[in-house]
Amino acid sequence: MRDEELKVELLCRGMKVPEQAWSYYKRSAGFPIRFGDTLVSVPSLGKYDRYSFVEASPYSITRSDGKWLLLKDGEVIREVDVAEVPGFYEKLSSDGVEMRRIFQVCGWDCVLTGVVQSCAYQRRGTQCRFCGTIYNPAYEGRLDRKTPQQLAEAAEAAVEHGIKHAVITSGVMPTPDRGARLLLEAAKAIKERVDIPLEAELAPPQDLTYLELLLEHVDSVSINIETLDQRVREYACPDKSNIPYEEYFAAYELALEALGENQVNSWLIAGLGESDEAIIEGVEELAERGVFPFLVPLRPTKGTGYESTPPPSPERLSTLALQAAEVVKDFGLKPEKNKAGCMRCSACSPVRDFLKLV
Ligand code: SF4
């Protein structure tokens, strides 16, 4: 099996992780492994009972003679790398908070934080049906809110321990900035303290002034439209779908103007109930605007509205990723030029890997 295909298999089917590996596990959403130059954030089952679809997965990981081995149906299929737990996790901020509660490693050499972990839609009971954020505060005592000072100190410590880029995100706020103001404070504090490429992940602010200000302090942005099929979007995002597509497009234009090519992306989720054609139309719509279509498979999370929906099959995701890669190539987008965040890391999406095949 080619590396790209193995990545898709792992993204769609997940992997069982035994007790011995959990001390290496650094965040709750995905277990990062690497083989060759392929990085995968694998939905995993073990310490956290988060993804029940992984129970049926034939894949597991084990450690033997100091090596990490990936198994399928109990047979070793290849050796993989698993990153060490970073040293900054045990350090304390000046107000005494363990830094693992402030920033968590995401992918290989990236850290991620929810500046505010909760969301206005969640408080109204209208959160996006795929969103696993509700799980986050329960994991490893994560903080719901981080101060700019805590974030700056933890980012600095992370860089000292080899971290190369960072993502800051927030739940959507019920204000015209929709959360951008909090990200702005965080980005300013981090950048004043340490030179680290930074991505902000956010909903498009209703008042674009906040985005304009934020763009002065970040290197790239992820403004996630999730699906361009409005029927599916209304079901998947009962409240967020009220944000008109035009507001996304205006935010993309502004961000591309400020940050330049290859610094703007949007997550597209395969498996919400849309057709293949709708996905590819969405990919084209984004790529034509200069926005990288960060196509990911649905990760049905326990406790969410999609918990009993299976992820897309590996065959479906491979076909879509290949088509998406062709579109990306046609529009001249180059994810390897991205400075920070998900597009640079790409552990959750196969599109960048499939670009090698087109
Ligand atoms: S692609 Fe984004 S969310 Fe996924 S592991 Fe990398 S930085 Fe984290």
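**View 1. Strand 11 and strand 12 side by side.** In this predicted model, strand 11 (residues 198-201) runs parallel to strand 12 (residues 220-222), and three bridges join the pair.

View 2. Helix 5 (residues 180-193) packs here against strand 9 (110-116), strand 10 (165-170) and strand 11, and its direction makes about 155° with that of strand 10. Helix 8 (residues 245-259) also packs on the sheet, where its contacts are strand 12 and strand 13 (264-270); the angle between the directions of helix 8 and strand 13 is about 140°.

View 3. Step back and you can follow seven strands in the order 8-9-10-11-12-13-14, forming an open sheet with mixed pairing. From one strand to the next, the twist averages 30°.

**View 4. Helix 9 meets helix 10.** The axes of helix 9 (residues 276-288) and helix 10 (residues 314-330) come within 10 Å and cross at roughly 25°, which means the two helices are roughly parallel. The crossing is right-handed. On the helix 9 side, look for D276, I279, I280, V283, E284 and A287; they meet R316, L320, Q323, A324 and V327 of helix 10. This contact has seven nonpolar, one polar and three charged residues.

**View 5. Around the ligand.** Surrounding the ligand are S41, C106, G107, C110, W267, F294, C342, C345, S346, A347 and C348. Eight nonpolar and three polar residues make up this shell, with no charged residues.

Note on methods. Residues are numbered from 1 along each chain as its sequence is written. This is a predicted model: local features need pLDDT of at least 70, side-chain atom pairs count only at pLDDT 80 or more; totals for chains, interfaces and linings use all residues. Side-chain values use heavy atoms; hydrogens and water are left out. Axes are lines fitted to C-alpha atoms, for helices over the stretch in contact, and angles run from 0 to 180 degrees between N-to-C directions. Helices (H or I, at least four residues) and strands (E, at least two) are DSSP runs, numbered from the N terminus. Angles under 35 degrees count as roughly parallel, over 145 as roughly antiparallel, 65 to 115 as roughly perpendicular and the rest as oblique. A crossing is left-handed if the near helix is turned anticlockwise from the far one by less than a right angle, and right-handed if clockwise. Contact means heavy atoms within 4.5 Å. Ala, Val, Leu, Ile, Met, Phe, Trp, Tyr, Cys and Pro count as nonpolar, Asp, Glu, Lys and Arg as charged, and the others, Gly among them, as polar. A residue is near a molecule or strand if one of its heavy atoms lies within 4 Å of it. Two strands pair if DSSP finds at least two bridges between them.
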